[in-house]
Amino acid sequence: MKIRFLGTLVGAAIVLAVSGAASAANEVGQSHFERVCAACHLPTGEGVPGVFPPLKQSDYFKKATPAQLVKLLNNGLTGEVTVNGQRFNSVMPPQTLSDEETAAILNYVSAGLNGGKASWTPEQVKRLRAAK
């Protein structure tokens, strides 16, 4: 009985630790997002209709490959893009971000704004940048 209880406590502690780490990582990503992206895409990620596309519930983000997303942050984007059936034609400047910042932002946009998973790592971003 005591062993089962102890096992339950250890299991609960692990779940809380993982959950806490995920929450902290989400906060870091959100902080970087607010510093780098929110001026145009708004703090909610909903964008500005006709001017700046939404990142929240974005079919463009969900369909893009990891390489495309890293390239987009590194190089920016100029010209017309269609997001959620709406056309946008403005300029997104290149962002000067570390691998850690890029991964954190992509994790926040994926999990926090699109209901996906936070699976980006700085190592993955570094590999994708090097592949150009």
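Asn84 is partly exposed, at a relative accessible area of 38% (buried is under 20%, exposed over 50%, and partly exposed in between, with a 1.4 Å probe and protein chains only). The residue is found in the loop between β1 and β2, where helices (H or I, at least four residues) and strands (E, at least two) are DSSP runs numbered from the N terminus. The model is predicted: local features need pLDDT of at least 70 and side-chain atom pairs count only at pLDDT 80 or more, whereas totals for chains, interfaces and linings use all residues. Residues are numbered from 1 along each chain as its sequence is written, and side-chain values use heavy atoms, with hydrogens and water left out.

Strand β1 (residues 77-83) and strand β2 (residues 86-92) run antiparallel and are joined by 7 bridges; two strands pair if DSSP finds at least two bridges between them. Val81 has Phe88 of β2 as its bridge partner. The hairpin has 2 residues between the strands, and Asn84 takes a positive phi near 50 degrees there. Most residues other than glycine have a negative phi.

Leu42 has its place in the loop between α2 and α3 and is partly exposed, with a relative accessible area of 30%.

Ser58 lies in the loop between α2 (38-41) and α3 (59-63). Its relative accessibility is 2%, so Ser58 counts as buried. The side chain of Ser58 reaches the backbone nitrogen of Phe61 at 3.0 Å. When neighbours within four places in sequence are left aside, Ser58 is in contact (heavy atoms within 4.5 Å) with Val83, Asn84 and Asn114.

## Packing of α5 against α6

Helix α5 and helix α6 (residues 122-131) pack at an angle of about 110 degrees, with their axes 8 Å apart. Axes are lines fitted to C-alpha atoms, for helices over the stretch in contact, and angles run from 0 to 180 degrees between N-to-C directions. The two helices, α5 and α6, are therefore roughly perpendicular to each other (65 to 115 degrees; under 35 is roughly parallel, over 145 roughly antiparallel, and the rest oblique).

From α5, the contact is made by Asp99, Glu100, Thr102 and Ala103; from α6, by Pro122, Val125, Lys126 and Arg129. These residues divide into 3 nonpolar, 1 polar and 4 charged. In this scheme Ala, Val, Leu, Ile, Met, Phe, Trp, Tyr, Cys and Pro count as nonpolar, Asp, Glu, Lys and Arg as charged, and the others, Gly among them, as polar.

## Thr102 and Arg129

Thr102, in helix α5 (residues 99-114), counts as buried at 1% relative accessibility. Arg129, in helix α6, is buried as well, with a relative accessible area of 16%. A polar contact of 2.9 Å joins their side chains. Such a contact is a pair of N or O atoms within 3.5 Å; within protein, one must be able to donate a hydrogen and the other to accept it, and residues adjacent in sequence count only if both atoms are side-chain atoms.

The side chain of Arg129 also has a polar contact of 2.4 Å with the side chain of Asp99, and reaches the backbone oxygen of Leu97 at 2.9 Å. Outside four places in sequence, Arg129 is in contact with Val70, Asn74, Leu97, Ser98, Asp99 and Thr102. The C-alpha atoms of Arg129 and Val70 are separated by 7.0 Å, although these residues are 59 residues apart along the chain. Thr102, not counting residues up to four places away in sequence, touches Leu73, Leu97, Val125 and Arg129.
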